[in-house]
Amino acid sequence: MTTTDRAALGRKLQMVRGLHWGYGSNGDPYPMLLCGHDDDPQRWYRSMRESGVRRSRTETWVVADHATARQVLDDPAFTRATGRTPEWLRAAGAPPAEWAQPFRDVHAASWEGEVPDADELAESFAGLLPGAGARLDLVRDFAWQVPVQGMNGVLGAADALRGAAWDARVSLDAQLSPQQLAVTEAAVAALPADPALRALFAGAEMTANTVVNVVLAVAAEPRLAERIADDPAVAQRTVAEVLRLHPALHLERRTATTELRLGEHEIGEGDEVVVVVGAANRDPEAFAEPDRLDVDRPDADHALSAHRGHPGMLDELVTALATAALRAAAKALPGLTPSGPVVRRRRSPVLRGANRCPVEL
């Protein structure tokens, strides 16, 4: 990439981010969400859920209620392939091929391997947490070690994941939210050519974030940690419930492959539709006390996954890795306490990625 190319790319990234801020500041919650400025996006989720199916000024159809979200995620007429370039992007001179396409390729990638056995994984993770009295960064010292070690048994990918996957961790966010120039360049350079490995790179960040969210949720509920230590089956329900509240992917982008109808709206062929999974999974029309962690909730099977209807086993792999990590760490969690705030990445509307989380055991 030449200096001129870098300068042009930097301007386009800034331009699109500026447009998101402009649209968002004028009352459109979706582009404001894409800016990734808030640690807690629930106010935007509530606003979008209450608005019903709505077309953003970015020309994206936004779906945030549970019933319509399930319709989109289950319908094979909605694909992960990239649709046409929106007019507002063409007018801005920043077509997705210039800044988002490498990351949209990651989003469309599928991993179709065999999910490792949870019992074997839990045994292999037993030594990842240090002993009592230790201080550590939950993100780098534990959560990220789970996919590195766990996926090594899947593709022998530990060496690649240990370095390049950290640089590429912004990929799923970058498909929708422009990153800083240096971050974009580092991520593109780190992405492997193999689609299956690209999918695993995405799964590594999904897994690490899920592990952080699960550990913090269980550490805040000592009795739950005791239940998991006594009954490993509770771990799977716990991970599922935490994923309902904090999905591995908060936003799921799809493209309509034909004209169809969502509610009162006609969706055109090639139109982009984004499902706000993080909002749909807290829809009071689908869940009793939707903001409460309840591993025994009777409506647990209503929870949506961003990979619902998508071929491949990445969701299952992420769930298996997080469940095994929780089982391995369960006995230590009653003594785990945060020693500082969770530092989450900005410009991370899809993953709500964690950068740092200091804890003590």
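## Close-up views of charge pairs, strands, helices and rings

**View A. Arg-237 is partly exposed, at 35% relative accessibility.** The term partly exposed covers the range between buried (under 20% relative accessible area) and exposed (over 50%), computed with a 1.4 Å probe on protein chains only. The model is predicted, so local features need pLDDT of at least 70 and side-chain atom pairs count only at pLDDT 80 or more, while totals for chains, interfaces and linings use all residues. Residues are numbered from 1 along each chain as its sequence is written, and side-chain values use heavy atoms, with hydrogens and water left out. Asp-296 is also partly exposed, at 44%. The side chains of Arg-237 and Asp-296 form a salt bridge, 3.0 Å from N to O. Arg-237 belongs to helix H16 (residues 233-245) and Asp-296 to the loop between helix H17 (277-280) and helix H18 (314-329), so the pair ties together parts that are 59 residues apart in sequence. Salt bridges with shared partners also join Glu-241, Arg-244, Arg-297 and Asp-299 into one network. A salt bridge here is a side-chain nitrogen of Lys or Arg within 4 Å of a carboxyl oxygen of Asp or Glu. Helices (H or I, at least four residues) and strands (E, at least two) are DSSP runs, numbered from the N terminus.

**View B. Arg-104 and Glu-272 make a salt bridge, with the closest N and O atoms 3.1 Å apart.** Arg-104 sits in helix H7 (residues 101-108) and Glu-272 in strand E8 (residues 272-276), so this pair ties together parts that are 168 residues apart in sequence. Arg-104 is buried, at 9% relative accessible area. Glu-272 is buried as well, at 13%. Side chains of opposite charge can pair when their charged atoms come close.

**View C. Arg-43 and Asp-38 form another salt bridge, and the closest N and O atoms are 3.1 Å apart.** Arg-43 is partly exposed, with 47% relative accessibility. Asp-38 is buried, with a relative accessible area of 19%. A search of the whole structure finds 22 salt bridges.

**View D. Five strands form an open sheet in the order E1-E2-E8-E5-E3, with mixed pairing.** Strands E1 (54-55) and E3 (78-79) are at the edges with a single partner strand each, so one side of each has no neighbour in the sheet. Two strands count as paired if DSSP finds at least two bridges between them. Strand E2 (residues 61-63) and E8 run parallel and are joined by three bridges. Trp-61 stands opposite Val-273 in E8. Strands of a sheet pair through backbone hydrogen bonds, either parallel or antiparallel.

**View E. Strand E5 (residues 251-256) is mostly covered, with six of its six residues buried.** Leu-251, Arg-253 and Thr-255 are buried on one side, and Glu-252, Arg-254 and Ala-256 are buried on the other. E5 pairs with E8 in the antiparallel sense over five bridges. Leu-251 has Val-276 in E8 as its bridge partner. Two bridges join E3 to E5, and these strands also run antiparallel. Phe-78 stands opposite Ala-256 in E5.

**View F. Helix H15 (residues 222-230) has Leu-224, Ala-225 and Ile-228 as its buried residues.** Seen down the axis of H15, the buried residues fall within an arc of 100°, so they line one face of the helix. The arc is that of the directions from the helix axis to the C-beta atoms. Arg-223 and Asp-230 are exposed on the other side of H15. What covers the buried residues of H15 includes helix H14 (195-219), H16 and H18, where contact means heavy atoms within 4.5 Å.

**View G. The structure holds one aromatic pair.** Trp-144 and Trp-166 form this edge-to-face pair, at 5.3 Å centre to centre and with 70° between the planes. Trp-144 is in the loop between helix H9 (138-143) and helix H10 (145-155) and Trp-166 is in helix H11 (residues 158-167), so the pair ties together parts that are 22 residues apart in sequence. Rings of Phe, Tyr and Trp (its six-membered ring) pair if their centres lie within 6.5 Å; planes under 30 degrees apart count as stacked, over 60 as edge-to-face and the rest as tilted. Trp-144 and Trp-166 are both buried. Arg-140 lies over the face of Trp-166, 3.9 Å from the ring centre. Arg-169 also lies over the face of Trp-166, at 3.9 Å from the ring centre. A charge sits over a ring if NZ of Lys or CZ of Arg is within 6 Å of the ring centre and within 35 degrees of the ring normal.
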